[in-house]
Amino acid sequence: MQNAWELPTPLVDPVADEAIQGVLRTVGSPGSFFTAAERLEFAKHARFARGLTETPSSLPPVVASAVARIAVEAMTSRSEHVAAWEQDGRDVLAYIELVAVVSVICSIDSYRVGVGAPLDVLPDPMPGDPVPVIDDRAKKANSWVPTVGVALAPTALSALPNESAMKKPLGIAFYLDDKVVHQYDVEPGRELSRPQMELVASRTSWLNECFF
Amino acid sequence: MLRESANAQNQPVDIVAVTKPTLDPLLPNGREIIAFVDAIALTDFDELPEARQDLMDTAGPGAVLRAAAVCAGFEGTNRVVDAVGVTVNKRYYDIGDELGVTVPDHLR
């Protein structure tokens, strides 16, 4: 056993494992603004910032700071941080990509911690340059970044369709399909009842000082 | 969504237990679930083994697996909405008041 959270025999859910491997392949692929190697550095630095590994990244300070803030204390984020990002000559859409990568690696790592498993080995970076894939309908509404329509949890990353899509399989494997999230009488047949799952969700959000 | 899903199943629930864990949420294994979630989300590796074992003993390994999964899902979603500053819909302000939570100015 290498880490304090690990069990001798970790719990296993093949459906979650398949979703995780797919997401990690996407993390390790070129994005809209960052290379695969840069995206993997975000993941590596997020793990370091959370105290899950002892290996820091070699990211530029402004990027490392953004990754650490989102990984450890996202609730302290302010519009000024996004403004500083742009003043550093970076596109606000690139910030969305960073948020997407950091959030999925934190999600995957928290799952592994919970089920007593080691962290997933990050993939080797896929070669290639970033290719912007942007939804031109995105504009600023009720958040600090452009979104397609009203900014909500499912649409917060919608300016970058590939990043938004990356997150979706995890949501379905871990929790519920978006289609039934607000169908409160739907009991999805998980190992916990729907109210028990909502207790988990509510308490997690409370601890993260998040209002969603 | 906690209250709505509990109401849909005629399941009693005290949603204030979400913010005050000394209270009983009234759901099966509610206290064990909260303790386990706390250990994951706070990366509290001193508390995690016991919290996980308690939930395992009372509800089984499947419950541990699903609680970890749902917690992990919201670990991601919470970071997204906070990092990009999604404002909180006014219709949730009343629930915030009930839970003793004030929506901060930057998310109004």
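I count two residues as in contact when they have heavy atoms within 4.5 Å. With that rule in hand, I opened my notebook on this predicted model.

**Ground rules.** I keep to a numbering that runs from 1 along each chain as its sequence is written, with chains lettered from A and ligands numbered from 1 in the order in which they are written.

**Entry: chain B by itself.** I looked up its helices and strands, which are DSSP runs numbered from the N terminus (helices are H or I with at least four residues, strands are E with at least two). Chain B has five helices and zero strands, and its pattern along the sequence reads α-α-α-α-α. Its C-alpha trace spans about 40 × 35 × 25 Å along the principal axes.

**Entry: where the chains meet.** I found 68 residues of chain A and 62 residues of chain B in the contact. Next I checked buried area, the accessible area (1.4 Å probe) that two parts lose on being put together, summed over both. Chain B and chain A bury about 6000 Å² between them, with 71% of it on carbon and sulfur atoms. B:Met1, B:Arg66 and B:Arg79 supply 12% of the area that chain B buries against chain A, more than any other three residues.

I then turned to polar contacts (a pair of N or O atoms within 3.5 Å; within protein, one must be able to donate a hydrogen and the other to accept it, and residues adjacent in sequence count only if both atoms are side-chain atoms). Between chain B and chain A I noted 24 residue pairs in polar contact, both residues at pLDDT 80 or more. On the side of chain B that touches chain A, H4(B) brings the largest share, 23 residues. That side divides into 40 nonpolar, 15 polar and seven charged residues. For these classes, Ala, Val, Leu, Ile, Met, Phe, Trp, Tyr, Cys and Pro are nonpolar, Asp, Glu, Lys and Arg are charged, and the others, Gly among them, are polar.

**Entry: one lysine.** I followed A:Lys167, which lies in helix H6 (residues 161-174) of chain A. Its side chain makes a polar contact with the side chain of B:Thr77 (3.1 Å). Leaving aside neighbours within four places in sequence, A:Lys167 is in contact with residues including A:Val104, A:Leu157 and B:Val80.

**Entry: salt bridges.** My rule here is a side-chain nitrogen of Lys or Arg within 4 Å of a carboxyl oxygen of Asp or Glu. The structure holds 16 salt bridges over all chains, and four salt bridges cross the interface of chain B and chain A. I looked at A:Arg203 and B:Asp38, whose side chains meet in a salt bridge (2.7 Å, N to O). Inside chain A, A:Lys44 forms a salt bridge with A:Glu41, the closest N and O atoms being 3.7 Å apart. Both of these residues lie in helix H2 (residues 36-49) of chain A, three residues apart, about one turn of the helix.

Conventions: This is a predicted model: local features need pLDDT of at least 70, side-chain atom pairs count only at pLDDT 80 or more; totals for chains, interfaces and linings use all residues. Side-chain values use heavy atoms; hydrogens and water are left out.
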